Amino acid sequence: MQKFLLSLLVPLAAAAIAHAQSMPDASRLAKMSPAELEAYRQQMLKAASSRAKQLAAQNNFKLDETLLPDYEARPPVKDLKRLALIPAVAPSMAQLTAGVRNTERQLEGLTPPALVQEVRTMTAKQDGPTLQGSAIGQWMNGNPVQALLLQMEATMKSSGNVKAWNNLAAFYNMTGLEHKAVPILQQLLQQAPANPMLLNNMGQAYLGLGDLGKAKDYLQQCLAVDALNPEANRSMGMIAAFAGQADEAMQYFGKELEVAMRRSTLARIKGIGRSVNITAIRNKRKDIPHRDLFTEIGLDRFQIPTLPKSSDETAAWTAQRDVLAKSIAAEYFFWSQAAGLSDEERKADGRRSPGLYADLADRLLSEHGNEYAPLLGLIRKEDVPALDEMIRSYWKKLGEAVCPQAPPDPEGGDRLVLAYAKKCCDMHKPIVDAYMNQRNAFVEQRLALTIANWKSYINGCVDIASLAPTNAGRKSVYRVVASYFSFLGTALQAVAEEPPPAECMIKMTTEEADAIIAANHDIDINCPEWLKLKLGLGAFTLQADCSQFSVDGGEGLLVGYEKNFKTGTYTISAGVGDKVDFKEIVESEFSEMAYVSFDNNNQVSDYGIKGSATAATKIGGVEGTYTLGVNSGFNAAVNGKGVLKSLVNLSVQQ
């Protein structure tokens, strides 16, 4: 685990240290030309790589230099000297055996005696197949000399075994002895000319020797038999990249990544200026099993009920929603708690080898998350303007639908008020229902799509995490499931839950309301002339028409009462007044009264003072009135009569 962490941290730490130590200030960077900026970037890359190598040496860690930012992939130089050592004709098995023994003695002479003795002890006790396993183990533990010596002995103990000879050829390739691998593969290919394993190893041998033409020929033969051979595809991708053929290189790298994943391959892809979607490549493989964990653990049981399409369905929906919301909250709490990683689980992960597919799992999870991140929200950015307009239009329509006010019921009671309330319901409810139907149809469609995305996302996370099982990976899946329940809880808030308008609580049909309103005659429509009257009753005057009547009068102390049939409002007033005759030339009257007005609910709507004054002569007169109310403000009017009419009206206009 320490080596694994170092493989991740060393390049990053090196880059960060070099960057911090060498970073010029912003003003200097701003003044650099494009060429100077590129030179500065290259300088930083070299400094970071140099520091990474120092850290690796200090920590006794073998660094994969292909991952360093300044690494440049170059084709191997053609090694003419070693190529000349390859026999023109395939050697016999006896010649191959003699060659192996000779190489073994040479290698033992260059190896510390203690290591040689360790290998001899192992070979004395183990048979051929067991030694092959030991050789692979030594190689994986970073002991190439012991591995090669063990594989030589394994081959000698299984001299008739093609696999053992092929493995030895592979070890020769990996240890830089490709010229010794070619004769072995020449002999084996005589027996099995279409064996992809042998063809791949021969291609790798010639690639190591710098003979790209022969390497390409053998690798293409391998891929003709085994199109997904990862080693052959990687090497063909590298050969194409060396030649500057980026498109062809990507085809081979893509085939390689369908089977295996190397950070070095991803680095080469980046080096040729391309990118790759690992998730999409892996999904091409039909032989990879994909578990439907979403269904297995019962996540499909949490179904959001059919959304209400009208205000009449809101009450039933909210009852179902409340029950579901409690279950969702409980599940969210359970999975959130389960996602916690204990100290013991962390230690167990630390003791566990990262495994063959750890890098692949990390990369796949990263790409999987990037692919689904924009697909897991109910409302997307592009939906917001349409939803805002939908809501704005709804409230605008409601505001414009002004309900008529019910007139007073001549027969008393509240039947007319209820009838008008029902008519108001008939205006508002269709607007509410249309809005709910439109919005919840949109939300329902989004829910179906987004829940399907969550299902694919969760199943993908489980599938990927299973490549390199760890406690941390398992708990990361639990966190994803918890996030799903968080989504469900949030999605419930997006549903329109408008109850029927308050006026729709009236237990009355539209037909009944229409009948009640029709029976309440509007006396303003055809008001007979005989109803319009003005009578003097001693000190009082009575005025009446189809809409109102009033009584006022008295001498000295004045009183009045005015009732409007249509609106149901009335006014009570009291004050003082007098008459004055000026030598039979001018007759004048004036009055000033305090008043209180009431609305149709008998609540005070206004109060203040009002007054009037008249002056009459034999040729005409002038009449003026005014009111000053707390709510209605000040109003005044002046009218002329007789020959004074034109003069007075002209003066008022001016």
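This dialogue walks through several features of a predicted model and shows how each can be read.

User: How do I read a salt bridge, and how many salt bridges does a search of the whole structure find?

Analyst: Side chains of opposite charge can pair when their charged atoms come close. The term salt bridge is used here for a side-chain nitrogen of Lys or Arg within 4 Å of a carboxyl oxygen of Asp or Glu. Searching the whole structure gives 18 salt bridges. One of them joins Asp79 to Arg82, with the closest N and O atoms 2.8 Å apart.

User: Are Asp79 and Arg82 buried or exposed?

Analyst: Relative accessible area is what decides this: buried means under 20%, exposed means over 50%, and partly exposed lies in between, using a 1.4 Å probe and protein chains only. Asp79, at 25% relative accessibility, counts as partly exposed, whereas Arg82, at 18%, counts as buried.

User: Where do Glu104 and Arg101 sit relative to each other in helix H5?

Analyst: Helices (H or I, at least four residues) and strands (E, at least two) are DSSP runs, numbered from the N terminus. Glu104 and Arg101 are 3 residues apart in helix H5, which covers residues 93-109, and so they are separated by about one helical turn. Their side chains meet in a salt bridge with an N to O distance of 2.8 Å. Glu104 is buried, with a relative accessible area of 6%, while Arg101 is partly exposed at 31%.

User: Which elements hold the salt-bridge partners Glu108 and Arg120?

Analyst: The side chains of Glu108 and Arg120 form a salt bridge of 3.1 Å, N to O. Glu108 lies in helix H5 and Arg120 in helix H6 (residues 113-125), so this pair ties together parts that are 12 residues apart in sequence. Arg120 is partly exposed, at 44% relative accessibility. Elsewhere, salt bridges that share partners join Asp79, Arg82 and Glu178 into one network.

User: What else can I read about helix H6, where Leu115 and Val116 are found?

Analyst: Distances between C-alpha atoms can be set beside separation along the chain. In helix H6, Leu115 is partly exposed, with a relative accessible area of 26%, and its C-alpha atom is 8.8 Å from that of Val145, which is 30 residues away along the chain. Val116, also placed in helix H6, is buried at 8%, and the C-alpha atoms of Val116 and Leu149, 33 residues apart along the chain, are separated by 8.5 Å.

User: Which residue lies 127 residues from Ala472 along the chain, with C-alpha atoms 7.8 Å apart?

Analyst: That residue is Glu345. Ala472 itself has its place in helix H23 (residues 471-492) and counts as partly exposed, at 32% relative accessibility.

User: How do helix H9 and helix H11 pack?

Analyst: Axes are lines fitted to C-alpha atoms, for helices over the stretch in contact, and angles run from 0 to 180 degrees between N-to-C directions. Helix H9 (residues 162-174) packs with helix H11 (residues 196-208) at an angle of about 20°, with their axes 10 Å apart. This makes H9 roughly parallel to H11, where angles under 35 degrees count as roughly parallel, over 145 as roughly antiparallel, 65 to 115 as roughly perpendicular and the rest as oblique. H9 passes H11 in a left-handed crossing, a term for the near helix being turned anticlockwise from the far one by less than a right angle, with right-handed used if clockwise.

User: Which residues make the nonpolar surface patch of about 300 Å²?

Analyst: Patches are made of residues with over 30% relative accessible area and no salt bridge: like charges are joined within 9 Å, and nonpolar side chains (Val, Leu, Ile, Met, Phe, Trp, Tyr) within 5 Å. Accessible areas come from the Shrake-Rupley method with a 1.4 Å probe, and for residues only the protein chains shown count as cover. The patch is made by Val604, Tyr607 and Val630. Val630 lies in the loop between strand S8 (620-629) and strand S9 (633-642), and Val630 is exposed, with a relative accessible area of 51%.

Technical notes. Residues are numbered from 1 along each chain as its sequence is written. This is a predicted model: local features need pLDDT of at least 70, side-chain atom pairs count only at pLDDT 80 or more; totals for chains, interfaces and linings use all residues. Side-chain values use heavy atoms; hydrogens and water are left out.
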